[in-house]
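Hello,

I am handing a structure over to you. Please open it before you read my notes.

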Amino acid sequence: MFDGIQRRVVSIWFPRLASDRVLRMRPLEGPFALTHSISNTNRIYCLNGAAERLGLSAGMPFSDARAFCPDLQSRPADPLADRRFQHALRRWAVRYCPWVGLEDGDGLVLDITGTAHLFGGEAELLMDMRQRLSRAGISARIGLGDSRGAAWALAHHGEGAAPVGAALDVFQDLPVAALRLEEKTVTGLGRLGLRTIGELSNAARAPLTRRFGPSLLMRLDQALGQQPEQITPLKDPPHYGVRMTLPEPIGIKSDVMEGTSRLLTQLCEKLKSRETGARVLALTLRRIDQDSQQVELRLARPMRDAARILPLFERGIGDVDAGYGIDQMRLEAVQVEPMPVQQLSHVSSGGKDQLDDLVTRIGTRISLENVQRFLPADSHIPERSFLISPAAYSAPNSAWSTIRPRPLHIFPPAPLIGTHAAPTPPKRFRWRRMSFATARVSGPERIAPEWWLESDEWRTGVRDYWCVETRQGRRLWLFFTPQSPSWYVQGEFA
């Protein structure tokens with residue numbers, strides 16, 4: 001049943017979205033282009049207005065563009081950053097209506113049905129959009145129509161507002177490419193002499209369907225409003241932040257900890273409801289002089305237990321200068337990770353939790369990246385048989401398997417002094433300005449280089465490793481190189 005309200009849709013096209021994003025952060029004068037590599041050829045990805053006026057276009061080889069315009073400045077393109085910028089523009093467009101979706105990779109679509117009067121009418125709403133985007137340095141073309149297809153056609157091939165119920169009169173002179181057709185379909189229609197939407201709408205529908213399929217007439221009907229087309233808005237990402245405004249300023253550490261405890265309880269409830277855990281927390285304390293101080297807490301594991309997190313804030317809050325008092329506290333989970341609910345068992349995990357808390361406490365002092373652990377690696381080369389990874393961003397691995405014992409300390413090979421060229425360990429030798437006498441030996445263990453990897457240290461060939469116990473109490477790991485007879489020490493056992 002018709003309710004008397006005509007649907008109205010706005011399409012915003014950003015023809016230079018990528019270049020506008022870069023130039024807003026680092027303005028440049030003159031022609032500018034973003035480039036990317038396609039099939040080992042560096043091509044133009046996006047241009048600014050100055051470069052387009054010189055005849056350059058997207059897709060042309062960058063070398064040809066520099067030949068036409070020697071002053072062309074360029075930077076590599078970043079499609080992921082462009083996508084994030086498009087999502088930021090979508091959040092901005094929610095000020096005009098709640099029904100905002102993405103259009104391809106360079107546009108937005110808004111269903112402003114029933115909201116234009118809040119801005120004084122459709123003309124005033126479109127003018128406000130253009131002025132705000134222009135002040136932000138973003139090029140945009142805006143179309144308004146009764147359907148999504150009509151608005152898209154005006155934004156890309158006309159720009160302006162189509163009167164209510166007058167779609168065909170406005171679109172009949174637009175090219176058929178305004179119907180969002182594939183390039184081969186546009187070419188085929190041109191060969192039949194159908195170059196405008198008006199000519200296409202007057203042609204017989206049955207032959208067109210047989211030749212081009214049903215999608216052609218579906219696009220035409222969508223543009224004319226005879227076929228419905230939905231607009232799917234994106235959900236805003238969940239926001240993990242809580243705030244507390246205090247009636248009286250506070251400055252004592254115990255009071256700040258109590259306020260943090262209340263904020264943590266609320267935040268952990270949000271995290272638990274979405275089965276996520278916080279990895280990075282930011283506590284912002286606003287003083288009455290409008291200055292703010294922030295305490296950042298980086299956790300070794302995702303957590304949402306307020307009782308465990310609160311003591312970890314104690315050191316950072318103790319270093320805060322409260323000034324004349326703090327009147328507002330804000331706690332936000334800056335980085336979160338999935339943390340699904342797990343089945344409890346009779347085996348306690350208190351030891352693991354205590355270790356994670358210890359890593360977090362040490363990490364607040366020396367950075368989490370400096371708390372490291374060893375992990376096994378698939379290589380028989382001694383110096384490549386392990387990896388060093390931050391403990392906060394890796395899980396312990398118990399898959400250590402060695403046929404022969406390995407020393408506790410492995411270091412770059414150092415030559416021995418006073419040795420012979422025999423393949424058996426020397427009776428006496430000098431290393432690090434110390435003299436040693438051999439007591440017992442075990443070996444050899446021959447290790448061949450990995451031919452598929454380039455390594456300057458292993459180019460000499462195989463090595464014969466020996467475990468040497470000295471009379472001085474040191475247990476050393478020596479190796480002999482048969483190709484160029486020499487002795488080296490590379491490790492020391494405990």
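Predicted model: local features only at pLDDT ≥ 70, side-chain atom pairs only at ≥ 80, totals over all residues.

Residues are numbered from 1 along each chain as its sequence is written, and side-chain values use heavy atoms, with hydrogens and water left out.

Helices (H or I, at least four residues) and strands (E, at least two) are DSSP runs, numbered from the N terminus. Two strands pair if DSSP finds at least two bridges between them.

**The five-strand sheet**

An open sheet of 5 strands runs in the order E5-E6-E1-E7-E8. Its pairing is mixed. E5 (100-103) and E8 (160-161) are the edge strands, each with a single partner, so one side of each has no neighbour in the sheet. E1 (residues 9-13) pairs with E6 (residues 107-111) in the antiparallel sense, over 5 bridges. There, Val-9 has Asp-111 of E6 as its bridge partner.

Helix H5 (residues 122-135) lies across E1, E6, E7 (141-145) and E8. Contact means heavy atoms within 4.5 Å. Helix H4 lies across E5 and E6.

**H1 against H4**

The axes of H1 (residues 17-25) and H4 (residues 79-93) come within 10 Å and cross at roughly 85°. Axes are lines fitted to C-alpha atoms, for helices over the stretch in contact, and angles run from 0 to 180 degrees between N-to-C directions. H1 is therefore roughly perpendicular to H4 (65 to 115 degrees). H1 brings Leu-17, Ala-18, Arg-21 and Arg-24 to the contact, while H4 brings Ala-81, Asp-82, Phe-85, Gln-86 and Leu-89.

**The four-strand sheet**

Another open sheet has 4 strands in the order E9-E12-E10-E11, with antiparallel pairing. E9 (241-250) and E11 (292-303) stand at its edges, each with a single partner strand, so one side of each is left without a neighbour in the sheet. E9 and E12 (residues 326-338) pair over 6 bridges. Met-244 is bridged to Met-329 in E12. Helix H12 (residues 253-273) lies across E9, E10 (276-287), E11 and E12, at about 160° to E9.

**The core**

A nonpolar core is a set of buried (under 20% relative accessible area, 1.4 Å probe, protein chains only) Ala, Val, Leu, Ile, Met, Phe, Trp, Tyr and Cys residues joined through side-chain atoms within 4.5 Å. The largest one has 32 residues. Leu-281, Leu-283, Ile-309, Phe-313, Met-329 and Leu-331 touch the most other members. H12 gives the most to this core, with 7 residues.

Best regards

Terms used
Buried < 20%, exposed > 50% of the residue type's maximum accessible area, 1.4 Å probe, protein only. Parallel < 35°, antiparallel > 145°, perpendicular 65-115°, else oblique.
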